[in-house]
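Me: I have a model open and would like to learn how to read a few of its features. Could you take me through them one by one?

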Amino acid sequence: LFLSQMKRIVEEKGFILVDRDASDQFLADRGYSIRDLTLLLLSLEVEDCFDGPESDRDVRYSDRWTVAEFAPLFHGEKLYLKMSIRMDAETAKCLSVKLYVERAEGR
């Protein structure tokens with residue numbers, strides 16, 4: 001449900017790319033545009049989701065925003081995407097986009 005709602009919002013209204021150095025650097029290093037990121041978001045599959053959807057862990061937003069994390073393959077690289085949607089405002093945010101890094105055991 002999260003994925004279909006997020007895709008509908010992205011298609012109809014676009015999305016907000018949260019200004020974070022890691023995301024900005026990742027996109028710049030690869031020459032990816034917002035259009036490239038939009039196409040990636042619209043191509044996500046349920047199998048790409050590895051965490052969530054769940055209420056935002058930040059208590060300031062937990063009653064309004066739902067967050068999910070994805071690890072899709074894009075141009076041969078496994079990426080980490082963190083997306084958030086707010087249904088009452090029909091808004092989608094890309095909180096993070098960067099290379100996916102496996103977490104070490106015990107962390």
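Me: Which residues does Leu 37 touch, not counting residues up to four places away in sequence?

Reply: Contact here means heavy atoms within 4.5 Å. By that rule, and with residues up to four places away in sequence not counted, Leu 37 touches Phe 15, Leu 17, Leu 27, Leu 81, Cys 94 and Val 97. Please keep in mind that this is a predicted model, where local features need pLDDT of at least 70 and side-chain atom pairs count only at pLDDT 80 or more, while totals for chains, interfaces and linings use all residues. Residues are numbered from 1 along each chain as its sequence is written, and side-chain values use heavy atoms, with hydrogens and water left out.

Me: Which residues touch the most other members in the largest nonpolar core?

Reply: A nonpolar core is a set of buried Ala, Val, Leu, Ile, Met, Phe, Trp, Tyr and Cys residues joined through side-chain atoms within 4.5 Å. Buried is under 20% relative accessible area, exposed is over 50%, and partly exposed is in between (1.4 Å probe, protein chains only). The largest core has 23 residues, and Met 6, Leu 37, Phe 70 and Leu 81 touch the most other members. Two or more residues each come from α1, α2 (21-30), α3, β3 (66-70), β5 (77-86) and β6 (91-99). With five residues, α1 gives the most to this core. These elements are DSSP runs numbered from the N terminus: helices are H or I with at least four residues, strands are E with at least two.

Me: How do α1 and α3 pack?

Reply: Two packed helices are described by the angle between their axes and the distance between the axes. The axes are lines fitted to C-alpha atoms, for helices over the stretch in contact, and angles run from 0 to 180 degrees between N-to-C directions. Helix α1 (residues 2-13) and helix α3 (residues 34-43) pack at about 150°, with axes 9 Å apart. The two are therefore roughly antiparallel (over 145 degrees; under 35 is roughly parallel, 65 to 115 roughly perpendicular and the rest oblique).

Me: Which residues of α1 and α3 meet?

Reply: From α1 come Met 6, Lys 7, Val 10 and Glu 11, and they meet Thr 38, Leu 41, Leu 42 and Ser 43 of α3. The residues of this contact divide into four nonpolar, two polar and two charged. In this scheme Ala, Val, Leu, Ile, Met, Phe, Trp, Tyr, Cys and Pro are nonpolar, Asp, Glu, Lys and Arg are charged, and the others, Gly among them, are polar.

Me: What should I look for in the backbone?

Reply: Most residues other than glycine have a negative phi, and most peptide bonds are trans. Here a cis peptide bond joins Gly 52 and Pro 53, with omega about 0°, and Pro 53 is in strand β2 (residues 49-55). His 75 is not a glycine, yet has a positive phi of about 50°; it sits in the loop between β4 (73-74) and β5 and is exposed, at 62% relative accessible area. Glu 90, also not a glycine, has a positive phi of about 45°. Glu 90 lies in the loop between β5 and β6 and is partly exposed, at 24%.

Me: Where does Lys 98 lie, and what is it in contact with beyond its neighbours within four places in sequence?

Reply: Lys 98 lies in strand β6 and is partly exposed, at 34% relative accessible area. Leaving those neighbours aside, Lys 98 is in contact with Ala 22, Phe 26, Leu 79 and Tyr 80.
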